[in-house]
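Colleague: Please show me the model. Then take me through it piece by piece.

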Amino acid sequence: MRKFFGKFVSVTLAAAVIAMFALSSDDKWCSRVDKAFDESALGSFLNESKAGYGRYATGLPGQAASVLADSGENGENGENGGNGGDVGTKQDIGQTADTASTHRATDRDYEETDKISDGISVEGVYACGRLTGIYEQTEGVLVVNTTEVTDEDGKKVNPADKKVQCGDYILSVNGRTVADKEELSEAVNDIMKEYDERHEDKSTVNIKFLRGGEKMSADITPVRMDDGRYYMGIWVKDDLAGIGTITYYTKDGRFGALGHGIGDGTQSGNLLYANSGDLYSMKLTKIKKGKAGAPGEIGGVVYFGKKSHIGTLDCNSNLGIYGQLDGDELSEYAAEDTYYPVAGKDEIHTGSAQMISEISGKLEKYNLEITNIDKKATDTNKGMELKVTDDRLIELSGGIVQGTSGSPIIQDGKIIGAVTHVFVDDPTGGYGICIDEML
């Protein structure tokens with residue numbers, strides 16, 4: 001995993017801090033986000049309704065969104081997160097929505113893995129419901145968009161136009177591997193300066209990138225701007241963060257969360273190729289109540305540091321994100337949580353159920369009504385339709401809000417699924433995924 005302890009992690013919401021290849025890194029300790037979306041940013045707010053897909057009730061970007069969240073304003077400096085080298089960072093994260101199908105890039109083969117059990121029968125799990133901070137690093141450097149740049153002579157050009165596109169992952173420059181946007185910027189500038197110093201008649205760099213899992217290459221002519229640095233006119237990001245809910249974990253600490261995956265947060269709507277990922281503890285700081293036409297959201301401070309590390313992600317799929325809880329968290333959680341039998345799809349029925357969530361600041365059960373079950377749903381994230389009937393939750397948040405994707409659903413003493421969507425036109429309604437799809 002790349003080193004990021006002890007300095008500002010350049011991620012906010014869906015859109016990590018985006019660099020156009022020569023922007024200096026921000027060394028602040030935390031970043032505050034006061035709004036979830038900026039409609040003037042790339043893409044548009046996807047106003048889906050119950051008649052459409054509903055909105056993913058999570059704090060991460062997604063395939064259905066076609067939206068790039070505003071990165072917000074940098075806040076005041078945070079505090080040191082530990083002693084003797086155990087230094088952390090913290091980041092105040094306001095929530096976005098719309099996470100959809102994604103997968104983990106394993107051993108660079110980019111084969112999708114959908115299920116944690118992989119055919120192994122799972123008879124019971126611990127229902128969790130805890131909120132968690134989620135941090136993921138991309139495989140390569142993700143292209144968000146291309147743009148015009150102004151060279152040192154005042155001429156506007158778009159060097160990367162039709163060379164790369166939104167959703168591509170840049171892997172190397174002239175054979176030099178790049179893992180993040182800083183390395184990408186350094187590689188481009190080092191190569192161009194070498195050309196200048198040797199007075200070579202060269203003006204292009206060759207980049208290799210992934211598009212839809214296929215390796216491709218392109219020659220791009222970087223532009224020297226009036227600051228003396230070279231730019232390719234590509235907006236990029238290399239990580240993202242958000243808030244979601246852990247659905248369940250097994251006795252050996254394997255967990256499943258969200259009930260859907262993590263998209264790349266760009267207009268392409270592509271899946272995220274993730275190099276690594278982690279879960280961290282968080283402190284809930286705000287709840288924005290949902291109302292018709294405006295899904296609610298939660299926000300919180302996520303502490304990125306060794307002492308606040310909860311678990312490691314090793315799989316993102318369209319059915320959820322999966323990984324391994326740290327030993328301390330497993331022991332602590334298992335001492336408090338209830339172990340439930342797993343309900344098969346045929347055991348789920350319309351009627352009363354309960355949702356477990358930490359949205360109030362402590363784990364509580366809230367009453368739901370399962371209003372419809374689609375056992376043959378082509379979209380497995382919407383296997384059941386649900387309605388919040390608990391006045392406490394309606395008063396607290398308006399119903400289902402962004403950040404609660406993955407909240408486990410209990411019926412007849414068994415875990416039956418997890419919350420995945422909220423209806424835009426009715427925050428008390430939404431969709432859920434059946435638990436046997438997640439396992």
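Modeller: Helices (H or I, at least four residues) and strands (E, at least two) are DSSP runs, numbered from the N terminus. This is a predicted model, where local features need pLDDT of at least 70, side-chain atom pairs count only at pLDDT 80 or more, and totals for chains, interfaces and linings use all residues. Residues are numbered from 1 along each chain as its sequence is written, and side-chain values use heavy atoms, with hydrogens and water left out.

Colleague: How far apart are the end C-alpha atoms of helix H1?

Modeller: H1 covers residues 181-197, which is 17 residues. The expected span is 1.5 Å times one less than the number of residues. That gives 24 Å, and the model agrees, because the end C-alpha atoms of H1 are apart by 24 Å.

Colleague: Which residue caps the N-terminal end of H1?

Modeller: Look for a polar contact (a pair of N or O atoms within 3.5 Å; within protein, one must be able to donate a hydrogen and the other to accept it, and residues adjacent in sequence count only if both atoms are side-chain atoms). The backbone nitrogen of Glu182 has a side-chain oxygen 3.1 Å away. That oxygen belongs to the capping residue, Asp180.

Colleague: Is Thr138 buried or exposed?

Modeller: Thr138 sits in strand S7. Its side chain reaches the backbone oxygen of Gly140 at 2.5 Å. Buried means under 20% relative accessible area, exposed over 50%, partly exposed in between (1.4 Å probe, protein chains only). At 1% relative accessibility, Thr138 is therefore buried.

Colleague: Which side chain does the side chain of Asp227 join in a polar contact?

Modeller: Asp227 lies in the loop between S14 (223-224) and S15 (230-231). With 43% relative accessibility, Asp227 counts as partly exposed. Its side chain also reaches the backbone nitrogen of Arg229, at 3.0 Å. The side-chain partner, at 2.6 Å, is Tyr231.
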